[in-house]
Structure formats: structure tokens, C-alpha cells
Amino acid sequence: QVQLVESGGGLVQAGGSLRLSCAASGSIFRITFMGWYRQALGKQRELVVAITSGGLTNYTDSVKGRFTISRDSAMNTVYLQMNSLKPEDTAVYYCNCQGLTGTGLPFNHWGQGTQVTVSS
């Protein structure tokens, strides 16, 4: 079983910064993909940024130059540094983790979500 624990959300003024973290634990053999998604009120969930085990990253255009994803060496924890936050960044941010369990089965797991609110 895989568990994801997210932290770091909160309320910040426009132009401010927040750092989210997502820690994966449990029966994990290998993590191949970790990503941050967000869902604003009344909108569909969208990919913010993803990182593969090979270090490839993919940022949505609206956050390029402002957000940075990083990971620890084992890729068990990923971080999302969010700078120059805008009110339109307000959303619930979800961590997604994909890989193989200790028994070799694929998994695709979501975190519980953390609220990010940017005031104008």
C-alpha cells in the first residue's frame, strides 16, 4: 500500500511564495512519475508540473518561470516551490505518484490535496 502525505498549503498575498511537499511511503519498489495537479473551484483538475524518474519535467505554461519542482535523491519526496503567486493560482493542489509496488504491481496514487489561496 502506498501513502502520500502533502503539506505546505496556505493563504498568501499575491506576489508571495509557498512551498508544497509530497512524501510517498509504503510498499514502493520504484517511483517513475510524480506530479502536481490543481483544481480550482468549478474547474477541471489540471496538471501543473510533473517530473519523471529520469529528471524530465513538464510545466504548464501559466506557471513557467514561477514554479519549480524538485525531488530528493530517492524520489520519495517532491517539492513544489511556488513564487510570484497570483490569485489565479488559487486551487486545491494534489500530488500524484506512479510507479511499481514492492510486489511489482503498478500503482497510481493521489494525495489528499492541500489548499492554496492567493489573495489580491
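This report describes the core, cysteines, strand pairing, charged pairs and aromatic pair of one predicted model.

## Basis of the description

Because the model is predicted, local features need pLDDT of at least 70 and side-chain atom pairs count only at pLDDT 80 or more, while totals for chains, interfaces and linings use all residues. Residues are numbered from 1 along each chain as its sequence is written, and side-chain values use heavy atoms, with hydrogens and water left out.

## The nonpolar core

A nonpolar core is taken here as a set of buried Ala, Val, Leu, Ile, Met, Phe, Trp, Tyr and Cys residues joined through side-chain atoms within 4.5 Å, where buried means under 20% relative accessible area, exposed means over 50%, and partly exposed lies in between (1.4 Å probe, protein chains only). The largest such core has 29 residues, and those with the most contacts inside it are Met34, Trp36, Phe67, Leu80, Met82 and Tyr93. Two or more residues of this core come from each of strands S1 (2-7), S3 (18-26), S4 (28-39), S5 (46-52), S7 (67-71), S8 (77-82), S9 (91-101) and S11 (114-119); strands are DSSP runs (E, at least two residues), numbered from the N terminus, as are helices (H or I, at least four residues).

Contact means heavy atoms within 4.5 Å. When residues up to four places away in sequence are not counted, the residues that Met34 touches include Leu4, Cys22, Ala50, Ile69, Val78 and Cys95.

The link of Cys22 and Cys95 is left-handed, with -85 degrees about the S-S bond, and both cysteines are buried.

Cys97, by contrast, is in no disulfide, and the nearest cysteine sulfur, that of Cys95, is 6.4 Å away. Cys97 is buried, with a relative accessible area of 0%.

## Strand S9 and its partners

Strand S9 is mostly covered, since eight of its eleven residues are buried. Two strands are said to pair if DSSP finds at least two bridges between them. S9 pairs with S4 in the antiparallel sense over ten bridges, and Thr101 in S9 is the bridge partner of Ile28. S9 and S11 also pair in the antiparallel sense, over three bridges, with Ala91 opposite Val116 in S11.

Five bridges join S9 to strand S10 (residues 106-110), and these two strands run antiparallel; Leu100 has Pro106 in S10 as its bridge partner. Four residues lie between the strands in the hairpin of S9 and S10, where Gly104 takes a positive phi near 90 degrees.

## A positive phi at Ser84

Most residues other than glycine have a negative phi. Ser84 has a phi near 50 degrees, a positive value in a residue other than glycine. Ser84 is placed in the loop between S8 and S9 and is partly exposed, with a relative accessible area of 41%.

## Salt bridges

A salt bridge is counted where a side-chain nitrogen of Lys or Arg lies within 4 Å of a carboxyl oxygen of Asp or Glu, and by this rule the count comes to four. Glu46 and Arg38 meet in one of them (2.7 Å, N to O); Glu46 is partly exposed at 33% relative accessibility, whereas Arg38 is buried at 6%. Asp61 and Lys64 meet in another (2.9 Å, N to O), and Asp61 is exposed, with a relative accessible area of 62%.

Asp89 and Arg66 also form a salt bridge (2.7 Å, N to O), which links Asp89 in the loop between S8 and S9 with Arg66 in the loop between strand S6 (57-59) and S7, 23 residues apart. Asp89 and Arg66 are both buried. Arg38, Glu46, Arg66 and Asp89 are linked in a network of salt bridges.

## The aromatic pair

Rings of Phe, Tyr and Trp (its six-membered ring) pair if their centres lie within 6.5 Å, and planes under 30 degrees apart count as stacked, over 60 as edge-to-face and the rest as tilted. The structure holds one aromatic pair, formed by Tyr37 and Trp110, which is edge-to-face at 4.9 Å centre to centre with 65 degrees between the planes. Because Tyr37 lies in strand S4 and Trp110 in strand S10, the pair ties together parts that are 73 residues apart in sequence. Tyr37 counts as buried at 17% relative accessibility, while Trp110 counts as partly exposed at 35%.

Key: A disulfide is a pair of cysteine sulfur atoms within 2.5 Å.
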